[in-house]
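Thanks for coming. I have one structure to show today, and I will keep to a few points about it.

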Amino acid sequence: MAATYTDKSVFRIQLFAVVIGLLLLAAKFVAYFYTHSNTVLTDALESIINVLAGFFALYSLYLSSKPKDFDHPYGHGKVEFISAGFEGILIVIAGGLIVGKASASFFKPVHLEHLGIGLVIIIISGVVNFALGWWLVHVGKVNNSMTLKADGQHLKSDAYSSFGILAGLLLIILTNWYLLDNIVAIIFGLLIIYMGVKLTRKSIAGIMDEADSSVIETIVANINARRKPEWIDIHNLRVIQFGSTLHVDCHVTLPWYYTLEAAHEEMEEMAAIINHEHGQKIEFFIHGDPCVPKSCGICQIKDCNVRQFPFKQKMEWNPTLVRQNSKHGSELT
């Protein structure tokens with residue numbers, strides 16, 4: 001299980017990313033003023049979005065790290081989805097500005113100069129952005145922080161754009177066909193818009209508590225690996241993400257003759273297994289259900305003295321089955 005970073009460490013990492021973003025922004029505008037290239041301006045405008053989104057991400061990380069309180073019993077982690085959505089909208093706006101500026105330049109061409117300087121700055125910024133983006137995505141995955149992952153993916157995409165823009169500038173230098181400057185800018189402006197829409201869509205899914213199949217698959221796989229015969233059935237499993245914390249609630253069918261204390265110990269054991277194996281902060285709300293006669297067909301307890309129907313077959317838990325809101329076993333009795 002990977003070691004996690006502290007909230008303060010994550011905040012400092014994002015602050016470092018913002019400072020680097022400001023330096024790259026200044027460098028890219030220097031390159032634009034030297035070259036007058038719409039292609040270079042494309043990179044510069046996207047860096048403005050990087051910086052604005054970076055500052056908003058800082059604030060969202062500060063909020064999401066605050067402890068739960070009376071008014072926010074689930075914590076403040078949902079703000080990370082808002083941060084990612086805000087970044088996505090800014091990316092779309094930047095892409096639209098790039099496409100508009102480049103399209104207008106077809107009717108009012110601009111003379112390009114000093115493209116060599118632009119090449120050098122684009123190369124340096126691309127390498128720095130990719131390295132920084134990779135680091136942010138790594139830290140974001142370790143801490144399950146959508147804010148860091150979104151900012152990291154944005155920086156990596158910015159780096160890919162820079163490398164594409166670099167290829168465009170090289171073509172312009174080799175062919176002296178300056179209309180390529182506008183064409184390349186429009187292409188990457190459209191790609192940036194697509195990236196922004198995709199990121200916004202993901203943030204809305206988080207705000208709307210859309211089920212994350214990969215998370216549910218991991219949880220079910222961990223339960224299956226340590227499954228006990230006394231855990232007769234799992235159903236109505238739901239997962240909601242609040243920042244770096246997952247909230248999981250489900251119904252677990254246990255033998256009806258268990259005492260409240262014994263049932264509680266079984267549910268605590270299941271929660272402990274998931275928390276240990278998953279590598280992420282998980283808050284469990286498990287509802288215990290007593291078994292009923294229809295449960296006998298899937299119950300694996302061999303020495304049950306109150307069994308009313310014979311055991312038929314083991315119910316293989318999977319993400320689809322455990323999300324159903326009904327006890328299983330009636331189809332086998």
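Predicted model: local features only at pLDDT ≥ 70, side-chain atom pairs only at ≥ 80, totals over all residues.

The protein has nine helices and three strands. In sequence order the pattern reads α-α-α-α-α-α-α-β-β-α-β-α.

Next, burial and surface. Of the 333 residues, 51% count as buried. The accessible surface of the protein is about 16,500 Å², and carbon and sulfur atoms account for 65% of that area. As for contacts, take those between residues at least 6 apart in sequence: 73% of them join residues at least 24 apart.

Now the aromatic rings. How many aromatic pairs does a search of the whole structure find? It finds five. One of them is Phe29 with Phe33, a tilted pair with 6.3 Å centre to centre and 40° between the planes. Both residues lie in helix 1, which covers residues 7–35. They are four residues apart there, about one turn of the helix. Ring pairs also bring in Tyr32, so that Phe29, Tyr32 and Phe33 are linked into a cluster. Is Phe33 buried or exposed? Phe33 counts as exposed, because its relative accessibility is 57% and the cut-off for exposed is over 50%.

Trp256 and Tyr257 also pair. Their ring centres are 5.7 Å apart and their planes are at 80°. The pair is edge-to-face because that angle falls in the class of over 60 degrees. Tyr257 has a relative accessible area of 38%, and therefore counts as partly exposed.

The charged end of Arg227 sits over the ring of Trp317, at 3.5 Å from the ring centre.

Last, the surface patch. Which residues form a nonpolar patch on the surface? They are Phe106, Phe107, Trp177, Leu179, Ile183, Ile187 and Leu191. Together these residues have about 700 Å² of accessible area. Let me pick out Trp177. Where is Trp177 found? Trp177 is in the loop between helix 5, residues 146–175, and helix 6, residues 179–207. Trp177 counts as partly exposed because its relative accessibility is 43%.

Conventions:
Residues numbered from 1 in each chain as written. Heavy atoms only, no water. Patch = residues over 30% accessible without salt bridge, like charges linked within 9 Å, V, L, I, M, F, W, Y side chains within 5 Å. Areas by Shrake-Rupley, 256 points an atom, 1.4 Å probe, with all protein chains shown as cover. Salt bridge = Lys/Arg side-chain N within 4 Å of Asp/Glu carboxyl O. Helix = DSSP H or I, 4+ residues; strand = E, 2+ residues; numbered from the N terminus. Buried < 20%, exposed > 50% of the residue type's maximum accessible area, 1.4 Å probe, protein only. Contact = heavy atoms within 4.5 Å. Phe/Tyr/Trp six-rings, centres within 6.5 Å; stacked < 30°, edge-to-face > 60°. Lys NZ or Arg CZ within 6 Å of the ring centre and 35° of its normal.
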